[in-house]
Amino acid sequence: MKLTLVIPVYNGSAHIVRCLDSLLRQTYRDFEVLLFDDGSRDDSAAVIERYSREHPELALTLIRQENRGVAETRNAGIERADTEYIGFIDQDDFIESNYLESYVRAMESSGADIVCGGYVRYDAENGKALRRVSLTDDPWGRFVVVSPWAHLYRTAFLKRHPVRYLKTAIGEDVYFTLLAYAYTDRIATIPDTGYYWVDNPLSHSNHNQKKADKAIDPFILLDALKRDLPADGHIDRTCLQYFMYRYVVWYLLFTVRRTPRATVAAQYDRLMAWLEREYPGFDRNDMISLSGPPGEPLSIRLSVWGFTRLYHLRLARPLLRLLAARDE
């Protein structure tokens, strides 16, 4: 086998068959699938075992373990993989039939350590694409998608460097991807949008992460990146500064509606103080613009640019308080 796909599964019996069906339809066949049943309380393992018996042509391996979380599970997949390439898929999602072929072809033609692509945000209930994100071939393009899916990695590259997922309630994938980018300049972006990221209202990110509290602490990620990113890494300083600021803006806007006003204000103060200390001049970064950076989705450009204007006018904090939930 040339490629390993790692799929963490937790209470995924309702959707894992759709995911596996998409693997069964792949035009590229030289791959194996490692499915980690991460302490599921439903019949996920039984569903996977039945699927494996019914489709022996698909090289499936089921590994059962006590619940360790998605970060440690993906790390276990990296340690176990002994193929040339490795990729990650989430249990709720699925891929187009030429997805693997497209990524492997790009990897082999470019000699890259990492291939990055886009995705479709998909509403499974209505069978509709909510949006399609395609990457551009420019320095910022690779930062538009930092989830582990829609990437293919050279396994030896990951094992040669300390590139692993961070055990945290939010941002484990951001940590992994930025470290990977820091350790190589051999990165290829392709316009492929064959990954379908399914909009699941019951997912962890749609519920638990939308409220800022002590259990969902962004400083675990931010401090780990500041500590672990190599000083001589391959990420441009301006791109990194913009990315960090962009992440803070996303976090504040993502959590504001379900977070009490006092907590929102406190998080805003802490996060902006962190940026001012670690990335002075972040609010004057040249990439903050309505017209750029190239490839950045319009909604994100508007959010970052608008937030910056409010920050300069000292209106960002009061607006966030206004949008926040009532204090408990």
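Colleague: How do the residues of the lining of the largest cavity divide into nonpolar, polar and charged?
Modeller: In this predicted model, a search of the whole structure finds two cavities of 30 Å³ or more, and about 50 Å³ of space lies in the largest cavity. Its lining is made up of L5, G87, F88, I89, Y99, L100, Y103, H151 and L152. Sorted by class, these residues of the largest cavity come to seven nonpolar, two polar and no charged.

Colleague: Which element gives the largest share of the lining of the largest cavity?
Modeller: The elements that contribute two or more residues to this lining are β4 (85–88), α4 (99–110) and β9 (151–154). The largest share, three residues, comes from α4.

Colleague: In what order do the seven strands of the open sheet stand, and which strands are at its edges?
Modeller: The seven strands form an open sheet of mixed pairing in the order β3-β2-β1-β4-β9-β6-β10, with a twist that averages 20 degrees from one strand to the next. Pairing on one side only marks the edge strands, which are β3 (60–65) and β10 (187–189).

Colleague: Which residue of β2 does T4 stand opposite?
Modeller: Strand β1, residues 3–9, and strand β2, residues 31–38, pair in the parallel sense over seven bridges. In β2, the residue that T4 stands opposite is E32.

Colleague: What angle does the direction of α4 make with that of β9?
Modeller: Helix α1 (residues 16–24) packs on the sheet and touches β1, β2 and β3, its direction making about 170 degrees with that of β1. Helix α4 also packs on the sheet, where it touches β1, β2, β4, β6 (114–116), β9 and β10. The direction of α4 makes an angle with that of β9 of about 45 degrees.

Colleague: Why is one side of β5 and of β8 left without a neighbour in the sheet?
Modeller: Four strands form an open sheet in the order β5-β11-β7-β8, and the pairing is mixed. Strands β5 (94–95) and β8 (128–133) stand at the edges of that sheet, so one side of each is left without a neighbour, because each has a single partner strand.

Colleague: Which residue in β8 is the bridge partner of R121?
Modeller: Strand β7, residues 119–123, pairs with β8 in the antiparallel sense, and the pairing runs over five bridges. Within β8, the bridge partner of R121 is R131.

Colleague: Is α8 roughly parallel or roughly antiparallel to α9?
Modeller: The contact is made by P218, L221, L222, L225 and K226 of α8 together with R237, M244, Y247, V248 and Y251 of α9, and by class it has eight nonpolar, no polar and two charged residues. The axes of the two helices α8 and α9 come within 12 Å and cross at roughly 175 degrees. Since angles over 145 degrees count as roughly antiparallel, the crossing angle makes α8, relative to α9, roughly antiparallel.

Colleague: How many nonpolar, polar and charged residues are in the contact of α9 with α10?
Modeller: The axes of α9 and helix α10 (residues 261–278) come within 11 Å and cross at roughly 175 degrees, which makes α9 roughly antiparallel to α10. On the α9 side the contact is made by R237, M244, Y245, V248, Y251 and L252, and on the α10 side by Q267, Y268, L271, M272, W274, L275 and E278. By class, the residues of the contact of α9 with α10 divide into 10 nonpolar, one polar and two charged.

Colleague: Which elements give two or more residues to the lining of the second largest pocket?
Modeller: The second largest pocket has a volume of about 210 Å³ and is lined by 13 residues, of which L229, P230, A231, R237 and L240 lie nearest its centre. By class, that lining has eight nonpolar, two polar and three charged residues. The elements that give two or more residues to the lining of this pocket are α8 (218–228) and α9 (237–255).

Colleague: Where is P293 found?
Modeller: The peptide bond from G292 to P293 is cis, with omega near 0 degrees. The place where P293 is found is the loop between α10 and α11 (298–312).

Colleague: What is the phi of A150?
Modeller: A150 has its place in the loop between β8 and β9. Although A150 is not a glycine, its phi is positive, at about 60 degrees.

Terms used. Residues are numbered from 1 along each chain as its sequence is written. This is a predicted model: local features need pLDDT of at least 70, side-chain atom pairs count only at pLDDT 80 or more; totals for chains, interfaces and linings use all residues. Side-chain values use heavy atoms; hydrogens and water are left out. On a 1 Å grid over the protein atoms alone, a cavity is a set of points where a 1.4 Å probe fits but cannot get out, and a pocket is an open set with protein on both sides within 12 Å along at least five of seven lines; lining residues have an atom within 4 Å of a point. Grid points are joined across faces, edges and corners, and a volume is the space filled by probe spheres set on the points. Ala, Val, Leu, Ile, Met, Phe, Trp, Tyr, Cys and Pro count as nonpolar, Asp, Glu, Lys and Arg as charged, and the others, Gly among them, as polar. Two strands pair if DSSP finds at least two bridges between them. Axes are lines fitted to C-alpha atoms, for helices over the stretch in contact, and angles run from 0 to 180 degrees between N-to-C directions. Angles under 35 degrees count as roughly parallel, over 145 as roughly antiparallel, 65 to 115 as roughly perpendicular and the rest as oblique. Contact means heavy atoms within 4.5 Å.
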